[in-house]
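Here is a short briefing to read alongside the sequence and the 3D view. Please keep both open as you go through the points.

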Amino acid sequence: PFPLYELRGSIYVDPGQVIVRDLRAENGPSRVYLNTRLAPDQLPRLKLQVRNFQIDDPLKARLPEPLRRYINSLALTGLCDLDIGTSATQADKLTWEGELHLSEGFVAHEKFPYPIRDVSGLARLRGNRIDIEGKGRASGVQVNLKGVVLNPGPTNESVFIVDAKGVPINTVLLDSSPAPVRKALIDLELRGSHDMRTRFWKDAGVGQKFRISSEIQLRGCSCNYRSFPYRVDRLNGTVLWEDDVITFQKLSGIHDETQLAADGRFIRSAGPGRLELKIRAQNAAFDRSLESALPESVHRLWQEFQPSGRFDVDTELSWVQGQPCIVVLPRVKVSDAAITMRSFPWPMRGIEGEFSYEAPRLIIKSVSAQHGDTQIRGRGLATFPAGEPWRVQFDELHVDDLVPNSTFRKALPLELQRTFD
């Protein structure tokens with residue numbers, strides 16, 4: 001029921017037809033105009049115009065249940081003008097045609113309630129198809145919307161595409177995201193802006209639910225992942241989100257002089273989410289920021305060798321929300337590095353080598369170093385078991401031009417010092 005007031009117009013009735021001509025009515029600021037002709041055994045002719053009506057809670061309460069549920073899923077409000085009418089097809093079937101103009105609107109889809117304000121647009125009905133096109137603003141940037149609804153009603157099939165450029169990654173975006181995604185974004189401490197293309201769709205059939213997928217292009221962002229707090233700037237790349245999987249493609253960034261690239265995915269589930277990430281770093285430095293970011297199991301390794309210099313590394317990172325992060329280094333290539341071991345404080349410089357690490361094992365594929373005129377090269381295995389002394393076993397070790405001077409002797413364990421003395 002929708003009450004109308006101030007009715008005026010003409011109604012003509014005879015045994016063969018009913019004609020309504022220029023009927024006008026009001027409800028507050030809204031105006032209704034109707035022309036129609038009804039006759040037995042003939043398709044009805046209708047032209048209805050509604051001006052300045054508000055999509056609000058009182059109107060939604062009067063709508064049929066399927067339409068009310070659909071509009072509520074969009075949280076749609078706004079000011080509308082409606083033109084709708086009937087026509088006959090060549091097969092002498094009734095078809096509906098119409099246009100709905102929306103202004104001063106608001107939309108926030110229930111699957112991703114990111115608020116879009118100042119929405120204006122057009123929905124055009126032709127038979128069993130509605131084409132929708134509009135625009136609005138979200139977090140200060142323009143958002144464009146296109147959509148199609150086939151067979152309007154409870155069995156409808158729908159698809160909507162939302163495009164926006166330069167959308168800020170802010171609390172509004174975080175609050176709109178599903179809880180696991182929001183948690184991941186918070187843990188990543190992602191900052192900056194992005195271009196977004198989001199697709200909402202629903203297959204035909206009763207009871208079908210809307211699904212969502214999104215493609216995000218990061219533009220000059222930054223992140224500082226809480227479980228591996230190694231700040232990355234100038235972060236670019238693609239993030240794909242569909243259902244329970246977020247995929248990271250061709251991510252790139254820098255940390256000081258280090259060049260970084262990454263690919264991976266975050267998998268949502270009924271339990272904690274899981275992040276799997278592969279990171280490639282070139283010209284990375286053994287510096288304080290890297291040391292601070294490493295997990296505790298690698299800290300022991302760092303503190304024992306006190307490295308400096310540069311390296312390239314491939315990293316495989318695995319993290320389940322609420323659990324420690326697991327870091328594996330399948331390839332580490334060191335160049336012009338230096339170490340001074342606590343247990344053998346005899347500085348070695350000019351280190352070149354290739355290694356791999358998976359706690360508690362460091363595989364020494366090849367290494368060379370020097371101390372003064374002394375040249376060292378070898379390969380082997382180092383182990384760093386929790387709560388136990390570390391151990392190195394060389395399958396091959398060559399030491400040339402060793403000078404057993406006082407510096408060398410002081411670095412030796414006490415028992416060996418006595419032997420040399």
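Predicted model: local features only at pLDDT ≥ 70, side-chain atom pairs only at ≥ 80, totals over all residues.

Residues are numbered from 1 along each chain as its sequence is written, and side-chain values use heavy atoms, with hydrogens and water left out.

**Overall form**

- The protein chain has a radius of gyration of 35 Å, whereas a compact globule of 421 residues would be near 22 Å (taken over C-alpha atoms; the globule rule is 2.2 Å times the number of residues to the power 0.38).
- Along the principal axes, the C-alpha atoms fill a box of roughly 130 × 35 × 35 Å.
- The chain holds 8 helices and 22 strands (DSSP runs numbered from the N terminus: helices are H or I with at least four residues, strands are E with at least two).
- Of the 421 residues, 40% count as buried (buried is under 20% relative accessible area, exposed over 50%, partly exposed in between, with a 1.4 Å probe and protein chains only).

**The β1–β2 hairpin**

- Strands β1 and β2 form a hairpin with 2 residues between them.
- The two strands run antiparallel and are joined by 7 bridges (two strands pair if DSSP finds at least two bridges between them).
- Within this pairing, Val-13 stands opposite Val-18 in β2.
- Strand β1, residues 5–14, is hardly covered, with 0 buried residues among its 10.
- Glu-26 lies in strand β2 and counts as buried at 15% relative accessibility.
- Leaving out residues up to four places away in sequence, Glu-26 touches Pro-3, Leu-4, Tyr-5, Glu-6, Arg-8 and Arg-31 (contact means heavy atoms within 4.5 Å).

**Gly-121 in β7**

- Gly-121 sits in strand β7, residues 112–126, and is partly exposed at 25% relative accessibility.
- Beyond its neighbours within four places in sequence, Gly-121 is in contact with Leu-100, His-101, Leu-102, Glu-133 and Gly-134.
- Gly-121 and Ile-132 are 11 residues apart in sequence, and their C-alpha atoms are 7.4 Å apart in space.

**Cysteines**

- The structure holds 0 disulfides (a disulfide is a pair of cysteine sulfur atoms within 2.5 Å).
- Cys-223 is in no disulfide, and its nearest cysteine sulfur, that of Cys-221, is 8.9 Å away.
- Cys-223 counts as buried at 13% relative accessibility, and Cys-80 is buried too, with a relative accessible area of 1%.
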